[in-house]
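Hi,

Here's the structure I promised to pass on.

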Amino acid sequence: MPSETIKLTAKFKLKETPEGLEELFQTYREIVNYLITHAFENNITSFYRLKKETYKSLRNEYSELPSHYLYTACQMATSIFKSFRKRKKKGKAKGRPVFKRDVIMLDDHLFKLDLENRTVKLSTPDGRVQLEFYPAKYHEKFRDWKVGQAWLVRTPKGTFLNVVFSKEVEVSEPKAFVGVDLNENNVTLSLPNGEFVQIITHEREIRTGYFVKRRRIQGKIRAGRKREELLEKYGRRERNRLNDLYHKLANKIVELAEKYGGIALEDLTEIRDSIRYSAEMNGRLHRWSFRKLQSIIEYKAKLKGVRIVFVNPAHTSSLCPVCGEKLSPNGGRVLKCSNCGFEADRDVVGSWNIRLRALKMWGVSVPPESSTMKMGVGKVSRNDVYKLHASYG
């Protein structure tokens with residue numbers, strides 16, 4: 001049975017910030033900015049080239065610093081410069097990139113995590129120091145996971161260690177795929193037995209409500225600590241509520257797909273760059289964390305041995321799943337095919353086409369006469385509509 005790797009990041013809040021950490025953050029920031037400047041001036045996007053051209057001089061200047069800080073700084077600088085170049089090509093960046101955050105990338109030579117004793121050993125210019133962290137219930141599930149790289153992050157709320165964990169899981173060959181169409185207010189699933197399930201999320205209303213609330217605060221309180229505290233308070237509530245919603249939603253989707261062994265999602269990585277709607281629609285798209293939802297579905301599916309595939313999203317909601325012709329609006333959200341007479345809700349059409357594309361990717365023929373492509377199943381019955389309610393955080 002083939003295996004796949006799951007990667008998840010866990011956050012550990014340190015109980016105390018040791019002396020000397022302030023200097024370490026400052027030194028690391030200086031090194032990263034030096035490397036970014038060198039990469040910018042010489043147009044270097046290769047980690048190996050950047051390290052080769054700068055390591056000796058940095059090693060001489062920062063001889064007391066453990067050498068692997070220079071390696072991770074090169075990785076950080078390369079990543080920042082690549083991102084800057086990409087944004088600049090799209091007209092979204094100008095000048096030169098600057099690293100301002102209190103973040104240090106750590107590899108396995110620079111830290112050692114002990115979940116049992118709730119401590120982390122960190123390499124510093126003064127040797128290894130042992131730090132305690134506050135335990136959380138979800139930390140327990142990572143006891144048999146492999147520890148990868150980490151980031152030491154300093155914020156107004158304290159110092160955190162964000163650790164990447166990985167685990168190999170067995171993923172079976174799918175019998176069939178469940179097509180999943182993600183929308184702002186619902187998720188529609190196309191099942192291999194020809195049925196459709198729609199899960200009502202009300203995500204758009206949740207996001208819009210908190211967006212309006214923050215705008216009112218910004219209008220009433222122009223500046224100051226109170227303003228920042230309120231914005232952070234409602235931003236945190238929104239994140240917690242949506243995070244709860246996403247986990248419930250992912251659990252339901254994986255539960256429905258488990259017996260089939262496969263889930264098909266749209267590859268939406270470039271949706272924000274490729275779609276140009278009104279300012280209001282663009283704002284809503286930027287507030288919609290579809291990629292986070294997809295990542296939660298993906299890792300929960302893999303833990304259950306369910307395979308995930310991503311399909312091309314182009315025209316999934318505008319082409320007839322029966323004959324392939326372009327669909328036309330037929331009132332409300334209903335679409336109709338003038339060629340074969342097929343008629344269905346656009347979300348049903350989207351989920352159906354997503355599932356068919358996954359089957360084609362898998363090498364399965366999907367002729368129009370197959371049982372899952374008969375006309376007249378393009379409606380979602382009331383019995384197949386779920387409503388998920390997100391709890392408040």
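Below is what I found, going from the whole chain down to single residues.

One thing to keep in mind: this is a predicted model. The chain has 9 helices and 16 strands. Of its 393 residues, 45% count as buried. If you take contacts between residues at least 6 apart in sequence, 66% of them join residues at least 24 apart.

Now for the charges. Side chains of opposite charge can pair when their charged atoms come close. How many salt bridges does the structure hold? There are 24. Here are a few to look up.

- Arginine 29 and aspartate 102 meet through their side chains, at 2.4 Å from N to O. Arginine 29 sits in helix H1 (residues 21–42) and aspartate 102 in the loop between helix H3 (68–89) and strand E2 (103–106), so this pair ties together parts that are 73 residues apart in sequence. Arginine 29 is buried, and aspartate 102 is buried too.
- Glutamate 53 pairs with arginine 49 in a salt bridge, with 2.8 Å between the closest N and O atoms. Both belong to helix H2 (residues 47–61), 4 residues apart, which is about one turn of the helix. Glutamate 53 is partly exposed, at 37% relative accessible area.
- Lysine 252 has a salt bridge with glutamate 255, where the closest N and O atoms are 3.6 Å apart. You'll find both in helix H5 (residues 225–257). Lysine 252 is buried, with a relative accessible area of 17%.

Then there's lysine 300, in helix H8 (residues 290–303). Is lysine 300 buried or exposed? It's buried, yet it has no salt bridge. A salt bridge needs the nitrogen within 4 Å of a carboxyl oxygen, and the nearest side chain of opposite charge, aspartate 244, is 9.9 Å away. Lysine 300 does touch other residues, including His247 and Val254.

Last stop: the surface. Lys213, Arg216, Lys220 and Arg237 gather there in a patch of positive charge. Helix H4 (residues 203–220) gives the most to this patch, with 3 residues. Lysine 220 lies in helix H4 and is exposed, at 73% relative accessible area. Arginine 214 is in helix H4 as well, but it counts as buried because its relative accessibility is 18%, and buried means under 20%. Among the residues arginine 214 touches are Leu231 and Glu238.

Notes: Residues are numbered from 1 along each chain as its sequence is written. This is a predicted model: local features need pLDDT of at least 70, side-chain atom pairs count only at pLDDT 80 or more; totals for chains, interfaces and linings use all residues. Side-chain values use heavy atoms; hydrogens and water are left out. Patches are made of residues with over 30% relative accessible area and no salt bridge: like charges are joined within 9 Å, nonpolar side chains (Val, Leu, Ile, Met, Phe, Trp, Tyr) within 5 Å. Accessible areas come from the Shrake-Rupley method with a 1.4 Å probe; for residues, only the protein chains shown count as cover. Lys and Arg count as positive and Asp and Glu as negative; His and the chain ends are not counted. The place of a charge is taken as NZ of Lys, CZ of Arg, CG of Asp or CD of Glu. Helices (H or I, at least four residues) and strands (E, at least two) are DSSP runs, numbered from the N terminus. Buried means under 20% relative accessible area, exposed over 50%, partly exposed in between (1.4 Å probe, protein chains only). Contact means heavy atoms within 4.5 Å. Lists of a residue's contacts leave out its neighbours within four places in sequence.
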